[in-house]
Amino acid sequence: MADEEGVSLEETPTWAVATVCFVLILISILIEHLLHLLGKHFQKKRRKSLIQALDKIKSELMLLGFISLLLTVGEKHIANICIPKSAAKTFLPCESLSSSDTEESTRCQQQGKVSLLSREGVRQLQYLIFVLASFHCLSCILTFSLGMAKMRRWESWEAETRTFEYQFSNDPRRFQLTHQTTFGRRHLRFWTEQPFLRWPACFLRQFFNSASKVDYLTLRHGFIMAHFEEGINFDFQKFIERALEKDFGVVVGISFWIWLFSMFFIFFNAEVFNNYLWLPFIPLVMLLLVGTKLQSIITKMFLDSHDKSPVVRGTFLVRPSDHLFWFGWPKLLLHLIHFILFQNSFQLAFFAWTWYKFGFRSCFHKKTEDIVIRLVMGFLVQVLCGYVTLPLYALVTQMGTSMNKAVFTENVTKGLKRWRVKARKNLAHKNNYSPSRLSLDASLSLDTSTSFSIDASPSFSLDASYSVKFDRPMEDEAVVAIDIAEQDRSHEGTADEHEKVNSFDGFDTNKMT
């Protein structure tokens, strides 16, 4: 036993123990400091969504540490669990190998049974869980980096919308037929109105010029017309970037159902399933299906607008709607991408773990085609998801009925929150000094005028009125109207000016998601 488990701390020099502890603590502090510096950098750049994603990564690391601690503490107890030999011979990843002669396995053998999971198996499982989570985080970072790199060219497209040439060519006073527009020439084809031809065409189109310039400009125009006033100076590219950063915080996390699916993946690695022939292809098939659906949504928006009117005034107008998406739920596509990235990460992580622990030609990958299929599929899904599907997802998912909260810059969001807190305080102050018991029938009228630019701070002109009714009728049957005026009147002088240019007049905040 002593030879198998090695020398204990009782027979180890104290300087050796202190040295190992010092190195481990130093590495941990260094990693923590690097994460802290990264968080400060995001805070300096005002990237709140990335800060939240970083916090989620930290929580995942903490969860992994807790799982590793539980496995270490329960290592002996797990090995003491004995199961029948017949059950131990089912669903093996490899052919039956020689068993170990540890204390726990010897005790189970005396009962005619075997250990549920040996101590060595528990240690190897710790490696697998850590490698899986690490690969998932790295895969998400690489995927979103590729997507952001491709979306860099959208900045020049957004800048083009502010030029005189663009405004002249898209003058609302100009009328065209649908097939004369650039968007119409791209989507009005012989296969457009045939569903059995549309899907194959959309499947192929995602590989050739997906998320093209004309698609970006048309969807941008449709989004602005659906949620703002015509002619507003709105940076759609920055909005998509903020929304994608927020989605990154969702994808980088590992939720309960994701962990649950990982258990199924481990189960299907039994030799009897021959999983290398079908499991690596699941992420690729799902990814191609999502990309085809996104392209189909753009074509469907074109058909809906074309059917309503063959004449176009100015720019071709598409109408955002949730019914274009599966089950009327645009966020479903985000969860599918989350699942695709995780499953692909699992394939690569499992291959890396088996290579490190058992060698390149282990029983897990005895066949050459197994290795080739896993590596090629993993690389292909990674590139397609980051460079093709993700930019298309970032553009198309903004065309739902509701609007993402990322439409507001951080300055505008902070201003709205400050106004909300101050309005509640003023309302509570008025209620405390009311001459009689009040029953509030409050209707809040908000006229928020905002100069909407990405880097500019917002200015507000707030006029909140509450109509308050008494429990018992007054003599003149009047209704007391309490006008709550803001204490800070520094922006009143410019309220009318902002109302004319880039205002939120008529903006429906109930459409926020």
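Hi everyone. A helix here is a DSSP run of at least four residues marked H or I, and helices are numbered from the N terminus. With that in hand, let me take you through this structure, which is a predicted model.

Let's begin with helix 17, which covers residues 368-396. Find Asp370 and Arg374 in that helix: they sit 4 residues apart, about one turn of the helix. Their side chains meet in a salt bridge, with 2.6 Å from N to O. Are these two buried or exposed? Asp370 and Arg374 are both buried.

How many salt bridges does a search of the whole structure turn up? The search finds 9. I'll show you a few others.

Next come Asp235 and Arg162. They form a salt bridge as well, and their closest N and O atoms are 3.4 Å apart. Where do the two residues lie? Asp235 is in the loop between helix 12 (213-227) and helix 13 (236-251), while Arg162 is in the loop between helix 8 (154-160) and helix 9 (164-169), so the pair ties together parts that are 73 residues apart in sequence. Asp235 has a relative accessibility of 15%, so it counts as buried. Arg162, at 41% relative accessibility, counts as partly exposed.

One more stop on this theme: Glu75, Glu120 and Arg123 are linked in a network of salt bridges.

Now let's turn to how two helices pack. Helix 14 (residues 256-267) and helix 16 (residues 331-358) have axes that come within 11 Å and cross at roughly 40°. What do we call that arrangement? An angle under 35 degrees would count as roughly parallel, and 65 to 115 as roughly perpendicular; helix 14 and helix 16 are therefore oblique to each other. As for handedness, helix 14 passes helix 16 in a right-handed crossing.

Which residues meet there? From helix 14 we have Trp257, Ile258, Phe261, Ser262, Phe265 and Ile266, and they meet His335, His338, Phe339, Phe342, Gln343 and Phe346 from helix 16. Sorted by class, this contact of helix 14 with helix 16 has 8 nonpolar residues, 4 polar ones and no charged ones.

Terms used:
Residues are numbered from 1 along each chain as its sequence is written. This is a predicted model: local features need pLDDT of at least 70, side-chain atom pairs count only at pLDDT 80 or more; totals for chains, interfaces and linings use all residues. Side-chain values use heavy atoms; hydrogens and water are left out. Axes are lines fitted to C-alpha atoms, for helices over the stretch in contact, and angles run from 0 to 180 degrees between N-to-C directions. Angles under 35 degrees count as roughly parallel, over 145 as roughly antiparallel, 65 to 115 as roughly perpendicular and the rest as oblique. A crossing is left-handed if the near helix is turned anticlockwise from the far one by less than a right angle, and right-handed if clockwise. Contact means heavy atoms within 4.5 Å. Ala, Val, Leu, Ile, Met, Phe, Trp, Tyr, Cys and Pro count as nonpolar, Asp, Glu, Lys and Arg as charged, and the others, Gly among them, as polar. A salt bridge is a side-chain nitrogen of Lys or Arg within 4 Å of a carboxyl oxygen of Asp or Glu. Buried means under 20% relative accessible area, exposed over 50%, partly exposed in between (1.4 Å probe, protein chains only).
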